[in-house]
Amino acid sequence: MKQDYNATDELTNFIDEDLIWSEIAEAEKADKAQVRDIIAKALERNGLTPAETAILLKNQDKDLDEEIFDAAKSIKKGIYGNRLVLFAPLYITNECGNQCEYCGFNAKNRSLQRRTLTSEEIHKEVEVLEKQGHKRLLLVYGEHPKHDADWIAQTVRDVYSVTSGKSGEIRRVNINCAPLDVEGFRKLHEVGIGTYQCFQETYHTETYKKLHTGGRKTDFLWRLHTMHRAMEAGIDDVGMGTLFGLHDTTFEVLGLLHHCRQLERDHGVGPHTISFPRLEPALGSEIAFNPPYPTSGHEFKKIVAVLRLAVPYTGLILTTRENAEFRRELIEVGVSQLSAGSRTYPGAYSDPEYDRPDVQQFCIGDNRSLDEIILSIAGEHGYVPSWCTACYRMGRTGDHFMELAKTGFIQKFCLPNGLLTFKEYLEDYASEETRKAGNELIQREVESYDDPKRKKILMDRLARMEAGERDLY
Ligand code: SAM
Ligand code: SF4
């Protein structure tokens with residue numbers, strides 16, 4: 001019989017903690033030859049099992065770690081090329097009835113000024129973001145009982161209704177909100193959300209219980225099945241994640257991979273993206289200042305690289321929580337999506353009053369503007385920033401997208417489409433310096449095409465853009 005994911009008393013924990021600990025214990029016994037065999041297997045781009053992933057994470061040999069990084073770079077380059085998807089988070093509300101001990105929006109935090117944007121305020125925020133050149137947003141919400149699925153759906157409509165950018169409106173709205181029931185997700189699907197994102201935070205039930213002390217989020221299983229409910233409601237693209245620093249790093253990565261595999265078993269496709277926030281200092285949270293399982297820079301880079309080997313076709317998302325220098329290293333070993341120019345307080349894009357470190361959700365490590373970030377990633381590092389949303393707009397989502405990704409589709413179609421959106425940005429929003437550096441990069445990219453037919457199509461479209469046409473793909 002088909003499982004009813006809405007029925008809270010029927011939900012079971014498919015994360016087998018004993019199995020994960022035994023996979024970790026086995027991994028500790030692995031020798032160098034095993035590590036090398038797994039790296040070789042990963043290079044075939046068919047992914048890794050959780051047990052194999054554990055062996056890479058538990059490897060202590062520095063030279064082998066470098067081989068893991070090299071393999072991740074090669075897979076990243078082979079599948080994604082030098083394209084990087086950019087987005088901005090848009091905080092809609094910081095009102096929250098939950099008590100997550102690590103978050104500044106915790107209901108017990110009396111020193112935080114609470115704010116929920118009205119439709120008019122959402123319009124103002126979106127106008128600012130559109131004028132900076134953004135095309136993809138991630139809407140972020142606290143979880144408050146008064147904010148139901150209808151209300152969330154209306155905020156999405158609000159965002160899509162703003163058309164103030166020179167080259168059009170926001171083209172993809174992703175959502176990071178608390179778990180809903182299947183009917184609630186249907187409402188979000190109907191208003192055209194892109195990815196539904198929700199992080200399990202920790203897959204370790206005891207830790208979860210200890211850190212979620214009040215509100216709806218205390219229910220581990222309700223959260224664990226949220227992706228199943230979203231997919232049941234027709235949302236093909238879902239984004240998973242864990243918050244590193246709360247529990248054992250290897251345990252969390254394995255929990256995440258077991259979650260991906262369960263979703264694949266039950267719905268035929270795993271997550272579209274994975275995020276891996278690292279615990280940052282947050283207003284009013286003691287644990288956020290003293291993580292019980294601090295993740296070092298090296299460990300964090302290894303998580304990214306190993307995920308790139310374990311789930312090669314899943315987008316890996318990095319946020320502004322990490323500083324600029326480190327972000328660069330992480331992009332090389334696997335990150336494919338990046339947030340840029342972020343503010344983590346509702347209203348902070350349009351009103352400087354809310355753009356202060358003491359009111360944000362957590363501390364931002366990279367405070368540069370979108371234009372400065374683009375100048376750095378395109379000008380200094382040769383990455384092509386992309387705002388492409390063609391697949392989503394043409395219905396290529398979920399397993400359909402995964403199948404295409406496996407055939408080199410990203411290199412063949414996403415990269416040229418990305419170049420076109422980059423050209424659009426340069427024409428309409430970039431500073432003089434960024435425009436010059438960006439156009440040089442586009443020129444180099446076009447010259448590197450060896451297929452004359454594709455090269456011509458791309459050159460024609462770039463010329464049409466220079467002549468004023470927009471939204472070509
Ligand atoms: N309220 C929704 C929820 O909890 O799923 C979504 C919004 S919540 C602000 C988004 C994510 O922020 C959480 O899932 C958590 O992983 C992350 N977060 C919370 N506190 C953080 C901190 N101190 N440092 C880094 N990330 C944090
Ligand atoms: Fe609320 Fe989400 Fe923060 Fe928890 S993580 S306090 S649910 S906003």
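Where is the place of Asn94? Asn94 is in the loop between strand E1 (83-93) and helix H5 (119-132). Helices (H or I, at least four residues) and strands (E, at least two) are DSSP runs, numbered from the N terminus.

## About the model

This is a predicted model, where local features need pLDDT of at least 70 and side-chain atom pairs count only at pLDDT 80 or more, while totals for chains, interfaces and linings use all residues. Residues are numbered from 1 along each chain as its sequence is written, chains are lettered from A and ligands numbered from 1 in the order in which they are written, and side-chain values use heavy atoms, with hydrogens and water left out.

## Two buried residues

Back to Asn94: its relative accessibility is 0%, so Asn94 counts as buried. Buried means under 20% relative accessible area, with exposed over 50% and partly exposed in between (1.4 Å probe, protein chains only). The side chain of Asn94 also reaches the backbone oxygen of Gln113, at 3.2 Å.

## Aromatic pairs

Searching the whole structure turns up nine aromatic pairs. Rings of Phe, Tyr and Trp (its six-membered ring) pair if their centres lie within 6.5 Å; planes under 30 degrees apart count as stacked, over 60 as edge-to-face and the rest as tilted. Take Phe276 and Phe300: the ring centres are 5.8 Å apart and the planes at 70 degrees, so this pair is edge-to-face. Phe276 lies in the loop between strand E6 (273-275) and helix H12 (286-289), and Phe300 in helix H13 (residues 297-310), so the pair ties together parts 24 residues apart in sequence. Both Phe276 and Phe300 are buried.

Phe300 has another partner in Phe326, with centres 6.1 Å apart and planes at 40 degrees, so that pair is tilted. Here helix H13 holds Phe300 and helix H14 (residues 324-332) holds Phe326, so parts 26 residues apart in sequence are tied together. Put together, Phe276, Phe300 and Phe326 form one aromatic cluster.

## Charges over rings

Arg278 lies over the face of Phe300, 4.6 Å from the ring centre. Elsewhere, the charged end of Arg229 sits over the ring of Trp222, at 3.4 Å from its centre. The cut-offs are NZ of Lys or CZ of Arg within 6 Å of the ring centre and within 35 degrees of the ring normal.

## Around the ligands

Ligand 1 is surrounded by 17 residues, the closest being Tyr102, Tyr141, Glu201, Lys217 and Arg223; a residue is near a molecule if one of its heavy atoms lies within 4 Å of it. On the backbone side, an N or O atom of Glu280 lies 2.9 Å from a nitrogen atom of ligand 1. The protein covers 97% of the 560 Å² of accessible area that ligand 1 has on its own (Shrake-Rupley method, 1.4 Å probe; for residues, only the protein chains shown count as cover).

Ligand 2 has Cys96, Asn98, Cys100, Cys103, Phe105, Asn106, Gly142 and Lys217 around it.

Technical notes. A polar contact is a pair of N or O atoms within 3.5 Å; within protein, one must be able to donate a hydrogen and the other to accept it, and residues adjacent in sequence count only if both atoms are side-chain atoms.
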